[in-house]
Amino acid sequence: MDWYKKSIDEVLREQNTSSGGLTDFNASHRIEKYGENKLPEGKKKSLASKIWEQISDFLIIVLIIAAAVSAILGEYLDSGVILAIVVLNATLGIIQEGKAEKALESLKKMTAPTAKVIRDGQAKEVPAASLVPGDIVVLETGDIVPADMRLIESSNLKVDESSLTGESVPADKNANDIPPENSGIGDRTNMCSMGSVISYGRGKGCVVATGLKTQIGQIAGKLATIKEGDTPLQKNLSKLGKLLSIVCLAVCAVVFILGFLRQGADGGNIMNMFMISVSLAVAAIPEGLPAVVTIVLALGMKRMVSRNAIVKRLLAVETLGSVSVICSDKTGTLTQNEMTVRFVWSGGRMFKVTGTGYEPEGEFTDLQDKPVDVSRFRSLAMTLTGGALCNDAELVYGSDGVSITGDPTEGAIITAAAKAGLSKNDLNDIFPRFTELPFDSERKMMTTFHKGSLYPISYTKGAPDIVISRCAHIDLDGQILPFTDELRQRAIELNSMMASQALRVLAVAYREHKQVPSDSSSYAIENDMILLGLIAMSDPPRPEAAEAVKKCRTAGIRPVMITGDHKDTAIAVAEELDLMRGGDGVLTGADVSRLSDEELRRAVKTTAVYARVSPEDKVRIVSALKANGEITAMTGDGVNDAMALKHADIGVSMGITGTDVAKSTADMVLTDDNFASIVSAVEEGRIIYANIRKFVSFLLSCNIGEILIVFFAILFNLPIPLTAIQLLWLNLVTDSFPALALGNERAERDIMRSPPRSKNSQIIDLRMAISICFQAVVLAATVLCGYVFARNNGAQRGLTGDALVSYSQTIAFALLICCELLRSFSCRSERTPLLRMGIATNMKLVYSVLGAFVLLLCSIYIPFLRPLFKTVPLSLGDWLIIIVGCFIPLVMGELYKAYVVPILERNIKSLSEPLMKPSEVPARSSKKGIMSMFGGKDPTQFDDIESAPANAEIPKEEISVPDSLAEKISDEETIMDIPETELDQVIFEEASSEEVSSEETADKHEDSELYDPEDDDVEF
């Protein structure tokens, strides 16, 4: 029901309640009807379901079947080893994802467990879960709204609804408003939604929805309807498993038929050929691959934690590497979520303010970034003083830094004052407040009265157009000049200019009173004031966000802003971060709603900013991007983001400001709420994928080489060079250690300079397939040659029968292991030569190769292991053969990279061709505001009002323009049509034409020490 359309009386009547609240008796009956006011806990996965997720992969199923066949044939050792690998793989996956869940739980913030309600006519505190429709809830600054409610009373009420709307500035609320029909959540000024926070003022509300009926609850319910799709890696591994299974069956069938044709239909021969076929199947399946993939992904998750990202799903780690579009929220992700004063216009001058956030560290400068002494500019000091005194926010100094209580814009002002050495506490001690006119949404002003040295003084802060209209004079560093219509218009134009650049502007004025006015009306007090200046502030972009956006563009990733904030604010932040460029479009939520799905698919290709969007709009945007083939990462912190987070390929929630709903839904949680951490995670994902390719190439080339060794031995009627247990040992132990080390290879230089791979790209593309086949052939040829040489050498020594077979198999076994261990160094890069990379740059690989070689020696020289592996001790002469032979695959691999890879890259179109190329669009010139604002002249030249030249001009090329207020201009035209008359010059010309002497000014304030025109410093 649209309660926002109804009057207060209608709501109370339909809820069968009153301003005195429900009785406890009524509340207890209603809770039986409506249920508790809480969202149901998400159903946790059972251990059985977690195990099934780990073993349901096609490749794992193939391994289980292979283990079963081995057991049936009596090869219990082989069967046990394979099953051990399956169990290890499942255990690692479950443990790692369990750790991510625990880390996530530690981030979740507890919501307020209680609420202040009126029951039986008395205010009392009750558990928030016990609220029912019809309850009257008391709301005060700092409270978390415990349910959806229609306001019945409000006093200067402001509510932070960013968790639902994404809007960074608290929304004004008024119980008496009746918003237009079809108003969005952010425009329902008489409603408060569950989970929002009271940032200012107080009020009362009638509960109209609880639990799943609330806005948050409805979103939570819709989340259940969105199903998660398989990640690109899941799809790739599934295809790889099917491919290997087909290869296994084909090779086994060919070998079995070939043996049958050669040896006849004798039962023993048939069983012998069947066992040989099973051995080939063992050789074909890379038993260690699932475990290595799981371990590498788990290690990647661990590294991501150190880069401020907690990944909840193991396979999501790799998906990050294929992201082609990042849909980022603005507030807190691209910006700091801390309002900061950027500019102050006062005394006819524009001042810049450095520093960000609520830390009072920074300084005031002119437009050329030269520091200024605030005490030398009376109007500036007065403006900051008035802004700090007419203010209800407080700076809170804690162990984690400085924060604020109260409205963020007011917090920004007292922070700016503190940067100038004007502490609010000190100012309050000197000028204590004794009464006030609170802010309200009708007047759009706030006024406070303070004790002055002689007379009371009132400071007023509020909307510039309102405050300016109430001012009769302007303060120019102690000279009180008439505020003419032309000056007023110029000040309004200045305000409009800054507001159009998404700066939140407040005006500050003051008035002296001979006595406290008897008429307390706004018109009597907030009139005939003296304008001090304008304060412009914004939520500044994170310093590292611009570099992260640049990194995205270099990597071919398109950053997109999706926010609930206003269009102008979103565009300004996007342009400052270079997230929006020439040809990029902007869509509002209303625009998205009007477009059909097909029209939206076309629009999202060139849209960089989406503003004032609803949760449904976000889902449609993500769906349109995915329909275009993009792999999309969606960031967010609010409940309104949850559906889009779940629908995206990768959902990224904020860990600090994120709601529990967003964290539970997302695939990844940022511990620092920083856009740059997303880009770091994407980079880590690319590294992981590149490393997966490296060890898959290594393992498959080894396995195919093993198949070829056995296959050609049978083809040429040679005894089998390798036993089944030797093949298992190779695949599970000897190959797996180097593969793990390859999975920890550091990033190659161009990892973030190449475009993202397409959704349809394969781990094994055409170039990689050619490389695997080449390496496998070289490996097989080398080992077969060594095996034949060993048989001849053994025969010359007089070895016969089983002794000759064991000797030659031991040579083949040792030579194959050494070939694979050395070749692993060549697999560290698909392009870069080993000598350029350096052997010692991956010491884990060095240690793993040494460890695997030690295991080889153990299998040959430890007496009780020799019968198991069917090996015999080797002499130094035997090792000479092995050492010479094992370098052949390594050398051939390096020659392949040097001469064949460049040819393939030039002539073969990879199956993993990206969907989009890195953007080559040059950044637009970005010069805003201040140059046009002052007609291309430097206002800071007028250090002395008395001597200001009438029409002084400064060459255009000497002007320093602040980047954050730069207008997009070229030499030929200025986009904004701004009068060329310099604002300050007009003010100063008016000053000279009015013939107002300093003596007259002094007479006007003869009793006030505060306005001594001879004194450049403000007296406090």
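**Salt bridges, a buried strand and a charged patch**

Aspartate 578 counts as partly exposed, because its relative accessibility is 24%, in a model that is predicted. The side chain of aspartate 578 meets that of arginine 581 in a salt bridge, with an N to O distance of 2.9 Å. Arginine 581, by contrast, has a relative accessible area of 12% and is therefore buried, the limit for a buried residue being under 20%. A separate network, joined by salt bridges that share partners, comprises Arg303, Arg307, Lys551, Glu683 and Glu684.

Side chains of opposite charge can pair when their charged atoms come close. The model contains 33 salt bridges in total. One of these links aspartate 143 to lysine 116, with 3.0 Å between the closest N and O atoms. Because aspartate 143 is placed in the loop between strand E3 (136–140) and strand E4 (148–160), and lysine 116 in strand E1 (residues 114–119), this pair ties together parts that are 27 residues apart in sequence. With a relative accessibility of 16%, aspartate 143 counts as buried, whereas lysine 116, at 27%, counts as partly exposed.

Another salt bridge is formed by the side chains of aspartate 407 and lysine 158, at 3.6 Å from N to O. Lysine 158 belongs to strand E4 and aspartate 407 to the loop between strand E14 (401–405) and helix H13 (408–419), so the parts tied together by this pair are 249 residues apart in sequence. Both aspartate 407 and lysine 158 are buried.

Strand E22, which spans residues 558–562, is mostly covered, as five of its five residues are buried. Cover extends to both faces of E22: Arg558, Val560 and Ile562 are buried on one side, and Pro559 and Met561 are buried on the other. E22 pairs with strand E9 (residues 325–328) in the parallel sense, through four bridges. Within this pairing, valine 325 has arginine 558 of E22 as its bridge partner. E22 also pairs in the parallel sense with strand E24 (residues 607–611), here over two bridges. Methionine 561 stands opposite valine 609 of E24.

Arginine 836 counts as exposed because its relative accessibility is 67%, the threshold for an exposed residue being over 50%.

Conventions:
Residues are numbered from 1 along each chain as its sequence is written. This is a predicted model: local features need pLDDT of at least 70, side-chain atom pairs count only at pLDDT 80 or more; totals for chains, interfaces and linings use all residues. Side-chain values use heavy atoms; hydrogens and water are left out. Buried means under 20% relative accessible area, exposed over 50%, partly exposed in between (1.4 Å probe, protein chains only). Two strands pair if DSSP finds at least two bridges between them. A salt bridge is a side-chain nitrogen of Lys or Arg within 4 Å of a carboxyl oxygen of Asp or Glu.
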